[in-house]
Amino acid sequence: MIPPGSTVGVFGSGQLGRMLALSAKRMGYRVEVFSPDAGTPAGSVADAEHVAAYTDLDAVTAFGKRVDVVTLEFENVPVTAVEAAAIYAPVRPGWRVLYTAQNRLREKTFLAQHGLPTLLFRPIRRPADLELAGRELGYPAVLKTAGFGYDGKGQRVVRTLGEAKAAFAELSSECVLEAFVDFAREVSVVAARGENGSFIHFAPAENRHANHILDVSLAPAELPAAVAARVVALTREIMASLEVIGVLCVEFFVTERGEVLVNELAPRPHNSGHLTIEACDVSQFEAQLRAVCGLPLIQPTQRPAAMVNLLGDVWARGEPDWASLLTESEVALHLYGKAEARPGRKMGHVTALAKTPQLAAERALRARLKLTEA
Ligand code: AMP
């Protein structure tokens with residue numbers, strides 16, 4: 001066990017690291033973060049901020065020597081950095097899940113090989129691959145880069161072979177072509193797994209996107225009990241197969257008929273789990289801390305809640321009217337301390353609690369609207 005008072009190292013320094021750091025500091029841990037950027041959301045609340053490239057293995061080694069355990073809030077940390085840090089401190093989750101989740105082709109191949117339900121897909125390495133793949137999957141389809149995609153970046157919906165070829169030329173890297181799924185809902189499960197295989201999970205969340213970026217999450221998602229049980233069981237199976245120690249989120253598509261398909265894995269806390277800070281006795285960030293430090297994991301209790309993201313767009317007409325939001329009860333404001341409010345950039349979020357997740361969503365949406373109404 002890595003007890004309170006120890007130092008937790010974090011690869012990545014965005015809002016996920018910030019909320020982890022706040023949770024860890026509450027419990028008496030020291031926190032040091034490592035990323036290529038200075039003055040970051042996590043760095044500004046951590047005890048130390050290491051600023052260097054992930055490929056600077058001397059800097060990674062120095063970081064590894066200073067901390068008792070390393071976790072991450074950003075899954076695209078090169079495996080070489082993970083290995084360099086792991087000489088001095090356990091890195092949780094480890095290389096196996098990171099290597100798998102860093103690349104959609106590897107991730108989908110893993111899912112298919114384990115008999116886990118996922119979308120039909122084909123690897124696309126050259127334009128000619130699109131011809132057979134397009135015929136096999138049909139159109140519309142979705143072309144996605146295999147590596148480094150997030151928030152809808154690096155993906156295009158394509159309706160013809162011509163569009164697919166144009167999109168491939170534009171994305172200009174290894175891709176996967178995916179069948180388009182006419183899903184009824186998107187849901188996600190955030191869960192934690194300890195070194196001894198212990199497993200806890202949060203209630204499945206329903207996620208609504210706008211422009212490919214998460215807009216609203218509400219939990220517990222309104223799902224038939226069998227579907228809710230299935231998404232949790234699949235999450236547990238995925239985490240066990242990948243030997244995850246830490247937190248992982250699985251995003252699912254649920255069809256009208258209740259069929260469940262895995263869309264993607266994120267081996268870290270997730271935007272759809274932010275509402276657990278107010279809704280649960282143990283949040284996703286505390287669960288991550290507990291899992292990576294070998295502290296007991298307990299199944300959280302959870303109240304109905306909803307979260308809406310605050311993107312840079314909210315600042316379009318100047319400083320939002322914070323007072324209007326702060327007069328609401330059962331509404332919590334989170335800002336990540338980012339200086340520049342660019343459109344599409346996640347600057348903060350609002351969580352609301354209520355009797356039902358739907359009422360909580362209405363409350364959170366109303367609160368966000370008031371920010372820009374004045
Ligand atoms: P991703 O980055 O793969 O999570 O995709 C971002 C969002 O695009 C998803 O949450 C869906 O709303 C949408 N999307 C991605 N892939 C598909 C697909 N194959 N069929 C339908 N919608 C998709």
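Entry 1: I'm working from a predicted model. I looked up the domain assignment and found domain 1 (7–91), domain 2 (120–179) and domain 3 (185–373).

**Entry 2: domain 1 against domain 3.** I checked the C-alpha centres of domain 1 and domain 3, which lie 23 Å apart. Then I looked at who touches whom: 18 residues of domain 1 are in contact with 21 residues of domain 3. How much area do domain 1 and domain 3 bury between them? I got about 1,700 Å², with 66% of it on carbon and sulfur atoms. On the domain 1 side, I noted that Gln15, Leu16 and Met19 supply 32% of the area buried against domain 3, more than any other three residues.

**Entry 3: H1 and H10.** Next I picked out helix H1 (residues 15–26) and helix H10 (residues 284–293), whose axes come within 8 Å. At what angle do the axes of H1 and H10 cross? I read roughly 70°, so H1 counts as roughly perpendicular to H10, as angles of 65 to 115 degrees do. I also noted that the crossing of H1 and H10 is right-handed.

**Entry 4: the residues in that contact.** From H1, I listed Leu16, Met19, Leu20, Ser23, Ala24 and Arg26. H10 brings Phe285, Glu286, Gln288 and Leu289. Sorting the residues of this contact by type, I got six nonpolar, two polar and two charged. Leu16 and Met19 turn up here in the H1 contact with H10, and I had already met Leu16 and Met19, with Gln15, in the area that domain 1 buries against domain 3.

Terms used. Residues numbered from 1 in each chain as written. Predicted model: local features only at pLDDT ≥ 70, side-chain atom pairs only at ≥ 80, totals over all residues. Heavy atoms only, no water. Axes fitted to C-alpha atoms, helices over the stretch in contact; angles between N-to-C directions. Helix = DSSP H or I, 4+ residues; strand = E, 2+ residues; numbered from the N terminus. Parallel < 35°, antiparallel > 145°, perpendicular 65-115°, else oblique. Left-handed = near helix turned anticlockwise from the far one by under 90°. Contact = heavy atoms within 4.5 Å. Nonpolar A, V, L, I, M, F, W, Y, C, P; charged D, E, K, R; others polar. Domains from an automatic or database assignment. Buried area = accessible area lost by both parts, 1.4 Å probe.
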